[in-house]
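Here's a quick briefing to read alongside the model. Have the sequence and the 3D view open as you go.

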Amino acid sequence: MYSFSHKIRMASLCSLLFWGSAPVCAQPSTPIVHWELQIIQEGQQVASFAGQTPLGQSHTETKHYSDQPRVDCNQPALELSRTITITPDNLNPTKQAVTFTLETRETLAPSHTSAAFDCPALAVPRVVNASHPAFVVPLDNWADWQILPRNPVLIYRLRARLNHS
């Protein structure tokens, strides 16, 4: 059986502790961005998304909903959806902001321009695709991105904060 001196055992232990923790010390942790996205349509919040995403990673989510026709119109409900992909790309510590990449696909109910007493022809959903490659959001503040200026007015409102753990 081998017998090691006290100095060799201590040197081995210190070396093991140092080299075992070196990768952990050498790699700073990736910040986690907590974000909240509100969908504002014609001045009213119609949906929201929230998540925690590491800097540089994407989060994709789809929500389905339906648009009911008028009671006196014999038409089926429209199946609509909203898909978002949100990526916190960069953290700018001097500006206290996060730069996001946003992509969205909205399936919207058609605008009803018919007279109030007429049932419109069979409605066909409207698809809107939009992307913003560098949406800057100040930390702990809301920032707006207008997707559609009219029919309907559609705004994405985003807020972000960092994980302080």
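Let's start with tyrosine 156: beyond its neighbours within four places in sequence, it is in contact (heavy atoms within 4.5 Å) with Leu37, Gln38, Ile39, Arg82, Ile84, Thr104, Glu106, Ala143, Asp144, Trp145 and Ile147. Keep in mind that this is a predicted model: local features need pLDDT of at least 70, side-chain atom pairs count only at pLDDT 80 or more, and totals for chains, interfaces and linings use all residues. Numbering runs from 1 along each chain as its sequence is written, and side-chain values use heavy atoms, with hydrogens and water left out.

**Core**
- Tyr156 is also among the residues with the most contacts inside the largest nonpolar core, together with Trp35, Leu37, Phe100, Phe135, Ile147 and Leu158; that core has 26 residues.
- A nonpolar core here is a set of buried (under 20% relative accessible area, 1.4 Å probe, protein chains only) Ala, Val, Leu, Ile, Met, Phe, Trp, Tyr and Cys residues joined through side-chain atoms within 4.5 Å.
- The largest share of this core, five residues, comes from β8 (strands are DSSP E runs of at least two residues, numbered from the N terminus).

**Sheet**
- Four strands make an open sheet in the order β2-β1-β8-β7, with antiparallel pairing (two strands pair if DSSP finds at least two bridges between them).
- Its edge strands, β2 and β7, each pair on one side only.
- β1 and β2 pair in the antiparallel sense over 10 bridges.
- Leucine 37 has phenylalanine 49, in β2, as its bridge partner.

Note on methods
Buried < 20%, exposed > 50% of the residue type's maximum accessible area, 1.4 Å probe, protein only.
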